[in-house]
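Work through the exercises below with the structure in view, and try each task before reading its solution.

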Amino acid sequence: MDRIASLGARLVDLLLPPLCLHCGAALSGARPGFCPGCLATLAPLSPVACRRCGLPRPGSPDSCGRCGGWPEGLSAVAGTRYRGVARTLVAGLKYSGWRHLAEPCAVTMADALTGPARIELLVPVPLHPARRRERGFNQSRAIADALGRRLDLPVEDALVRERPTTSQVGLGRAARRANVAGAFLPAPPARRAAGAVVGLVDDVATSGATLAAAAEPLLESGARAVVGATFALAFEFAYR
Ligand SMILES: [Zn+2]
Ligand SMILES: [Zn+2]
């Protein structure tokens, strides 16, 4: 009976056009995704922001509480703010396994990355192998691949996640740092990072603790600079 029901559900999927994952409007494409109106809400972050980490409206453009403790050589950019459609998009990519949603992430990020950074190599933030097996793929690698195609940049899995880390959700800044400290190690392709400006790709950044922990082994491997490149930035925390 279950098999018949799931077969029925698949037939319905085939016969009905997919709906926008955020607002429910009918889509013209064949795969789950977003309508043009929802995609248009993925707006760039305010240009009035920290020059180093992109956090909008910091106390001063030269120093902000978010990036003050980051390793020397790390800066960051993000495509859009983590709310509304961006949240729905990340959930669809990560938890529903719709890898093609990496494409709108890359479209949203491309402009922010073609600025003064001159990135030469993209490195995704890795998942721990157990998490990767569970999810079937690394969403950051999917975004890096889409970005690499768009910007004509090579992608390398230059990092490994040495130990599993718990979710950063709900943790304060110090706890986030402690949770990911020392979690990343260089993998053999890290030698390609030597002398390069590396774009460190992830789906969402908050305090930047994960970017900071993952940037360290890249910088120790000789990367000239690391630019944290995330699809979305969650920053309500910064103004609490
Ligand atoms: Zn929509
Ligand atoms: Zn900053």
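The exercises that follow concern a predicted model.

**Exercise 1.** Determine which protein atoms coordinate the zinc ion (ligand 1), and name the geometry of the site.

*Solution.* Begin with the donors, which are the SG atoms of Cys20, Cys23, Cys35 and Cys38, at 2.3 to 2.4 Å. Next, read their positions along the chain, where they follow the spacing C-x2-C-x11-C-x2-C. Finally, turn to the angles among the 4 donor atoms, which are 106 to 118°; four donors count as tetrahedral if all angles lie between 85 and 135 degrees, so this site is tetrahedral.

**Exercise 2.** Decide whether Cys20 and Cys23 are buried or partly exposed.

*Solution.* The cut-off needed here is that buried means under 20% relative accessible area, while exposed means over 50%. Cys20 has a relative accessible area of 4%, and is therefore buried, whereas Cys23, with 46%, is partly exposed.

**Exercise 3.** Describe the site of the zinc ion (ligand 2), and explain which parts of the chain Cys53 and Cys67 tie together.

*Solution.* The protein donors are the SG atoms of Cys50, Cys53, Cys64 and Cys67, lying 2.1 to 2.4 Å from the zinc ion (ligand 2). Because the 4 donor atoms subtend angles of 103 to 114°, the arrangement is tetrahedral. Along the chain, these donors follow the spacing C-x2-C-x10-C-x2-C. Cys53 and Cys67 each lie in the loop between helix H2 (36-39) and strand S1 (74-81), so the pair ties together parts that are 14 residues apart in sequence.

Technical notes. Residues are numbered from 1 along each chain as its sequence is written. Chains are lettered from A and ligands numbered from 1 in the order in which they are written. This is a predicted model: local features need pLDDT of at least 70, side-chain atom pairs count only at pLDDT 80 or more; totals for chains, interfaces and linings use all residues. Side-chain values use heavy atoms; hydrogens and water are left out. Donors are N, O and S atoms within 2.8 Å of the metal (3.2 Å for Na, K and Ca); water is not among the atoms, so sites may look incomplete. Four donors count as tetrahedral if all angles lie between 85 and 135 degrees; four count as square planar and six as octahedral if opposite donors are over 155 degrees apart and all others between 65 and 115; anything else is irregular. Helices (H or I, at least four residues) and strands (E, at least two) are DSSP runs, numbered from the N terminus. Buried means under 20% relative accessible area, exposed over 50%, partly exposed in between (1.4 Å probe, protein chains only).
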